[in-house]
Amino acid sequence: MPNVCVEVRIRPNSRNVLEFSNNKIIAGSKIYTFSKVHNRVSQTTLFNTSILPYVERFVSGENCTILAYGQTGSGKTYTMGLTHINEKGIIQNSLECIFKRGLTLACSFIEIYNEEIYDLMSEIRVPLNLRQGLEDINIVGLTETEISSYSEALEVLQKGNENRTTKSTKMNVESSRSHAMFTLSLRQTVSDRPVESRMSFVDLAGSERLKRTECSGHTARESISINAGLLSLGNVISALYLKKPHVPFRDSKLTRILQKCLNGYVLLISCVSGLQEDLFETTNTLKYASRAALIALDKKVHVESDKDKQIVLNLKKEISALKDENNRLRAAALCSGFKNEKIRNHPVVVELISRLRRYESEDAIRSIVENTRNNNASVINKDGRGSNSISFANKDAVNSNVGRDSHIANEVFPKSTFVERIHGSVLPKKQNTGRAQINEKSVISEADIIKENIENISKIHLSSANTNYTSEVNTEEQSAHANQLFTMNQAGMANARNSTTNSEPSNISTLVSSISNVVKMENVGVSDDSSAGVVRKKRTKLVSFDLEPKPKKNILFTPLKETRRVSFNLIETVTDQTPLSFIIHQGKVFFNCADSKIRAYDSKLSSIVSDDCIRCLYSSANLYYSSRSLLKMFISTGRSLPVYAYKNEISSLTIQNNLVFTGHEDGSLNVLDIRSNEVLHSSRIHSGAVFDMILAEGKFFSCSRDHSVKFNEFCADRFRFSHDFISLSPPHYDSVSKLLYFKDRCISLGRDCAIKVWNDGQPFKTVPYAHDSWIKSGSSANDYFVTGCKNGIVKCWDFIDHSVRCVGRVDVGSSVNCMLANGNELWVGAQSKKIYRYCIEKE
């Protein structure tokens, strides 16, 4: 079976002008070939001959999609079984066949009406949003109902079908005005593996010509939206047919949803009419259907709901980490052979011995450690000076055992040219040490390079020990020198490999030499020079930076030093709560939490209501809150009543005199009269989400993500704004998160750490560095206003001598989410899941 199959169903009519056979159909002068052509067949016959194989594949764990495509009135909805008559269609026959096997399904039912997605299973008609996931496109807030019997499935199907939008036109008495999709999900275990498969039934709205349907007004706009979605689908089919690199799935919501359906087996049933007057629409339908028949899609077989490969990968990583940890622990045990604690616990020594374990047994390594410790005992002389050579007595013994492993050096020590930079800048120039000079053409062995590095490091330490102001070598400096030695040895080995193919020392001998270097350095660093009369002094370099930001010349006001006039006295702390906003309602403190619940606090906590994504709270005569794009009113504990459904998600809310002002994520503002449930004003005033709004004394202010503050005057008696919205200048340098109204002035708080004071739409004062981090929340009282920032600092402000002064502060320890000033009480909600209740008193 091909993954894309196209069949044609001709609506029976006595005036049929089409010529057809089993798989061919002639329209005008063109011949089209398809998988099957159906004429005058029953619904049961159509299911048994065409749909049943797809049901079998769906039950076996594969994704399948059935689409009905064609002009209006050609029988698409009838074929699917979504009409109001009691006749089984494709969906009913498929459900009956599935439930005979005793399976349990989950189903969803949506429609795309005027480029908006609606859930036909929900009691509230609210547009849903699409979200792009990692592997799929998700519909946010979609209801998925579990069904276990055929009768339950029919009830769900009937309920959704009743909510679907239909109207009467001249060409179709009961015309579907939307695209519908009924989806079944099956979760089962196939070959001991969890599998999730989907089967989607898509009833596309019919294409229309306004000249023939004679639609007008809202019905004409519906026709335009339907044709636009079908045009996008036609463009997708053409792009897939021509194998273009870009397929325009994002041109409409219909094609975006169908994108996730095109990952399995697809059956397109093209419904056509055989009448002469419908020949133009029939030809277009057959043309696109013939193109779709030649499309090759990638199908996903056995879509697994768990992540077996990721689990195996994580387990392998955990095993590797445990092996490394085991090697380090066993290497630490071998390091106990060193008496010096600093050498024993040095990370380089531990790492080197851990690498030695890859090539030698523990007894051999313990012998190497003992020999290294004994050989380096003679490195330090009686007067504290280091010798210019190191004994490599154990080198030959080691090489005799492990010379065969020299090829492993490439794996442990990668090639590097870093040694050239070390010799040129870090280490002093080589002096005559009594050793024979190495000829450039001679073979440079690894041991020679390691010895040279050890001699140079010895000179560095010895020269430091003989100066009048020798600085004490602390642990960090010793570690840095050891790491430097380790790097030089690695680079030296790389150069030795590049110089000759017969390097005598092996990889393990170099590791032993590196351990010797660390031992020598540690002995030099911790030697007691009290007998030689050397006074060690610690040198400390002091570096100072001016971290205070320089004031800008164009600011209107630069704050003076804080004047402490109020104090914060902690009354109580409520734990295990992460509030997002506070309000006072009926003498109680209400707040919504990160878990989408509204709680009240009056000496004890009580849960009021739980809903989806509660964001805004407001208290007037009743308690109102927002749940995504829904405005709801709290009735009693656990109950709420939807007031109005907006098109976009609500981001801010304020209410005055039965007028509800809502700001939205797309930057729009709506004014709703809750008495008549009528929208009085709707316009887009910002280019980003509206974060806050205030309406006081007829003055309306709003702030947004787009860094701006808007101003207007609202006439309460005429229920409209006086003029166009004005953008206040100068704007903030980042998003404006909160607005306050204090002493007849508007105060804006921004993420640019600034506070701006506005007087009748004009700038009054600016505090550019009010906080050290961006301001998240604020609240105002009669005698002061407070602000809270991301680093947990809460400040109290007042107007003093025509300036804005900070009169008190307190640190809550974590980011401030919300605040509420009520008289001399202050409620602070922190990100640390704590609520602080303070009493603000004047000093």
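Trainee: How many aromatic pairs does the count come to?

Mentor: Happy to start there! Keep in mind that this is a predicted model. Rings of Phe, Tyr and Trp pair if their centres lie within 6.5 Å. By this rule, the number of aromatic pairs is 18.

Trainee: Is the pair of Phe568 and Tyr838 stacked or edge-to-face?

Mentor: Let's work from the angle, where planes under 30 degrees apart count as stacked and those over 60 as edge-to-face. The ring centres of Phe568 and Tyr838 are 5.9 Å apart and their planes stand at 85 degrees, so this pair is edge-to-face.

Trainee: At what angle are the ring planes of Phe582 and Phe591?

Mentor: Phe582 is buried, and Phe591 is too. Their ring centres are 5.9 Å apart, and the pair is edge-to-face because the planes are at 65 degrees.

Trainee: Which residue lies over the face of Tyr265?

Mentor: Rings can have a charged group over them as well. Over the ring of Tyr288, 5.5 Å from its centre, sits the charged end of Lys287. For Tyr265, the residue is found at 4.4 Å from the ring centre, and it is Arg57.

Trainee: Is Thr77 buried or exposed?

Mentor: The UniProt annotation "binding site", from an unreviewed entry, covers Thr77, and Gly75 is among the other residues listed. Gly75 lies in the loop between strand 6 (64-70) and helix 2 (76-80), and its relative accessible area of 21% makes it partly exposed. Thr77 is in helix 2. Buried means under 20%, and Thr77 has a relative accessible area of 17%, so Thr77 is buried.

Trainee: Which element gives the most to the largest nonpolar core?

Mentor: That core has 39 residues, and Phe58, Ile66, Leu105, Phe182, Leu184 and Phe201 are those with the most contacts inside it. Elements giving two or more residues include helix 1 (43-59), strand 6 and helix 3 (90-99). With 7 residues, the one that gives the most is helix 1.

Trainee: How many residues are in the second, separate core?

Mentor: First, one more look at Ile66, which touches residues including Ile51, Tyr54, Phe201 and Leu267. The second core is separate, and Ile10, Tyr32, Tyr69 and Leu130 are among its members. Its size is 38 residues.

Trainee: Which residue's side chain is joined to that of Lys88 by a polar contact of 2.7 Å?

Mentor: Lys88 lies in the loop between helix 2 and helix 3, and at 36% relative accessibility it counts as partly exposed. Leaving aside neighbours within four places in sequence, Lys88 is in contact with Gln43, Asn93, Glu96 and Tyr150. Of these, the partner in the 2.7 Å polar contact is Glu96.

Terms used: Residues are numbered from 1 along each chain as its sequence is written. This is a predicted model: local features need pLDDT of at least 70, side-chain atom pairs count only at pLDDT 80 or more; totals for chains, interfaces and linings use all residues. Side-chain values use heavy atoms; hydrogens and water are left out. Rings of Phe, Tyr and Trp (its six-membered ring) pair if their centres lie within 6.5 Å; planes under 30 degrees apart count as stacked, over 60 as edge-to-face and the rest as tilted. Buried means under 20% relative accessible area, exposed over 50%, partly exposed in between (1.4 Å probe, protein chains only). A charge sits over a ring if NZ of Lys or CZ of Arg is within 6 Å of the ring centre and within 35 degrees of the ring normal. UniProt positions are given in the numbering used here, feature names are shortened, and annotations may be inferred rather than shown by experiment. Helices (H or I, at least four residues) and strands (E, at least two) are DSSP runs, numbered from the N terminus. A nonpolar core is a set of buried Ala, Val, Leu, Ile, Met, Phe, Trp, Tyr and Cys residues joined through side-chain atoms within 4.5 Å. Contact means heavy atoms within 4.5 Å. A polar contact is a pair of N or O atoms within 3.5 Å; within protein, one must be able to donate a hydrogen and the other to accept it, and residues adjacent in sequence count only if both atoms are side-chain atoms.
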